[in-house]
Amino acid sequence: MEWNLAELYESLARAFPERECIVAGDRRWTWSAFAERTRRLAQVLAADGLGRHQERNRLSPWESGQDHLALYLYNGPEYLEGMLGAFTAGVASFNVNYRYVEEELVHLFADSGAQAVVFHSVFAPTLARILPRLPGLRLLLQVPDDSGHALLPGAIDYEDALSAALPSPLAVERSPDDLYILYTGGTTGLPRAVLWRQADIFVAALSGRGRDGSEFDSFEAVLERAQRGTSRQLPLPPFMHGAAHWGALSTLLAGGTVVLPTETRWLDPDDAWATVERERVTSLLIVGDAFARPLLEQLRRQTYDLTSLRAVVSGGAILSPAFKRELVERLGVRILDAMGSSEAGGQASQDDAFETDPTFQPSPGTCVVDDSRTTVLPPGANETGWLARSGRIPLGYLGDPERTASTFPVIDGVRYAIPGDRAQLLADGSIRLLGRDSTTINSGGEKIYAEEVERAIKRHPAVADVVVTGRPSLRWGQEVVALIQPQAGTAPVAGELVDACRGQLASYKIPKAIVFVDAVVRSPSGKPDYRWAKERAGAEGVSVSPAEVSSPDPSAPGPG
């Protein structure tokens, strides 16, 4: 069974017209009301000539035959509306990082070939400055907010556009081949557009499997699950990153309700917990320690009725065992730590695991391939390789045949996605995740994974946050540097933090320098900004004395 996301959503809306679909402060929509708004947006896009112009079977994997709609928005109903409305019109929407500066935005819009954009008014001045450089961007839909910015010349007020459009369905043939486009975060390089078939992303990341892990083979099976759809999920990360809108769309396509906090521009812990209490939220979506820490600090200050909450789902960054344990003790919830990527969907997860060296249970199709990317490793191979996935994977990168070929190689006749994570497949079939290859530090001939060192340092009670990176070293090629944000009211010294690593890490992995920072820079999704970390590590640092830390093997070759 192959699925088109808009068709699937509309079928569920017909089945549960009066069920609550979206809650955003004092704005509430039933499934039928929200489906009508997505149809109206589809009419607006189609009236401007946007849609599908070439069938998938006539295109290369890195090509698109559809028009593209940019979503330049904070979290709000309009974001999910934009996605589903675009899908309804045969248009492919894509995510815009609202933190980007003008040059980054120009690259993104030009790379995507966007013909239309839905944007919050707060971004109107930035958009106005780059519009002369984007001649292909012809339809501007401006969502009102409290910024006070006037309507851009040539733009249409979003609500006025929807009010004037017909609520009837478009006479557009839907296809499981229609695209879902997700731009990568670009934290270690230029962002790239990953092209997925909607049928594939539904299974890979949007709840397209049953409890037994098998794909749904009929709408009746999807409907049966949706009839039990009592989930009310509060996604806290920004929808401009995949993890957040994957969670929201998964909730909707399982018949649940998406609840948004009052404050959507940044994390407000009091507002988050008050929303859980007020709306009887059952599932909370966060990204690692960057979200868990302030949420737990707020719970230490104030009490809320959180008895409705059944699960906390985290993905995209480390969720430390100490924070997992405290969440369980305070809330009595299930902790699901999910791991995935833009290029592979959901790849593995762990349930209520508190180990310092966590392992994950692989999703269907997930495996580890060797360094040469030519062999799938068996369980217990005692070899570090590349985390990979086969089956429902993307078509490729928009406009980039070379990168498509390297990231999605064919091994023994099977096509795999290899996003760039290093991992080991253990004898019991579980996976030990080591970290992104792009953040790997090569010191004295030894590979060191930043996330492994970060996990060790985070165990020290004086560490509020940490990011680990490498910087050039005449002796070792690269040396490990830890950028540490101390807990308020503490003054840790480098030697103490190094001692925290002993017994957890081999000596060559222990940081050679410590940089104390006021705050670790992270994206709104909670992921560390490694470009910032490399720049800061190269500029300063407290070197750790040889007595405090051992060096890599002196016999290892080095450029110095």
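**Entry 1: Thr-469**

I started with Thr-469 and listed what it touches, skipping residues up to four places away in sequence. Contact here means heavy atoms within 4.5 Å. The list for Thr-469 is Ile-441, Glu-479, Val-480, Val-481, Leu-483, Ala-533, Lys-534 and Ala-537. Thr-469 sits in strand β26, residues 463-473. Strands (E, at least two residues) and helices (H or I, at least four) are DSSP runs, numbered from the N terminus. Is Thr-469 buried or exposed? Its relative accessibility is 2%, so Thr-469 counts as buried.

**Entry 2: ground rules**

I'm working on a predicted model, where local features need pLDDT of at least 70, side-chain atom pairs count only at pLDDT 80 or more, and totals for chains, interfaces and linings use all residues. Residues are numbered from 1 along each chain as its sequence is written, and side-chain values use heavy atoms, with hydrogens and water left out.

**Entry 3: His-68 and its sheet**

Next I went to His-68, which is in strand β3 (residues 68-72). His-68 counts as buried because its relative accessibility is 5%. A polar atom of the His-68 side chain lies 3.3 Å from the backbone oxygen of Gln-66. Leaving out neighbours within four places in sequence, His-68 is in contact with several residues, among them Val-91, Phe-94, Ser-112, Ile-181 and Leu-398.

I then looked up the sheet around β3. It is an open sheet of five strands in the order β4-β3-β5-β6-β7, with parallel pairing. At the edges are β4 and β7 (156-157), each with a single partner strand, so one side of each has no neighbour in the sheet. Two strands pair if DSSP finds at least two bridges between them. Between β3 and β4, which run parallel, there are four bridges. Leu-69 stands opposite Ser-93 in β4.

**Entry 4: the three-strand sheet**

A reminder from class: strands of a sheet pair through backbone hydrogen bonds, either parallel or antiparallel. In what order do the three strands of the antiparallel open sheet come? The order is β8-β9-β19. Its edge strands are β8 (179-183) and β19 (396-397), each pairing on one side only. Helix α7 (residues 198-205) packs on this sheet and touches β8 and β9, and its direction makes about 95° with that of β9. For that angle, axes are lines fitted to C-alpha atoms, for helices over the stretch in contact, and angles run from 0 to 180 degrees between N-to-C directions.

I counted along β8 too. Five bridges join β8 to β9 (residues 193-197). Ile-181 stands opposite Leu-195 in β9, and Tyr-183 stands opposite Ala-193. How many of the five residues of β8 are buried? Five of its five are. Leu-179, Ile-181 and Tyr-183 point one way from the strand, while Tyr-180 and Leu-182 point the other way.

**Entry 5: rings**

Rings of Phe, Tyr and Trp (its six-membered ring) pair if their centres lie within 6.5 Å; planes under 30 degrees apart are stacked, over 60 edge-to-face, and the rest tilted. By this rule I get eleven aromatic pairs. One of them is Phe-94 with Tyr-183: the ring centres are 5.5 Å apart and the planes at 55°, so the pair is tilted. Phe-94 is in β4 (residues 92-95) and Tyr-183 in β8, so this pair ties together parts 89 residues apart in sequence. Phe-94 is buried at 2% relative accessibility, and Tyr-183 is buried at 4%.

Tyr-397 and Phe-408 make another tilted pair, 5.8 Å centre to centre with 50° between the planes. Tyr-397 is in strand β19 and Phe-408 in the loop between α13 (401-407) and β20 (410-411). Both Tyr-397 and Phe-408 are buried. Arg-192 lies over the face of Tyr-397, 5.1 Å from the ring centre. For a charge to sit over a ring, NZ of Lys or CZ of Arg must be within 6 Å of the ring centre and within 35 degrees of the ring normal.

Note on methods. Buried means under 20% relative accessible area, exposed over 50%, partly exposed in between (1.4 Å probe, protein chains only). A polar contact is a pair of N or O atoms within 3.5 Å; within protein, one must be able to donate a hydrogen and the other to accept it, and residues adjacent in sequence count only if both atoms are side-chain atoms.
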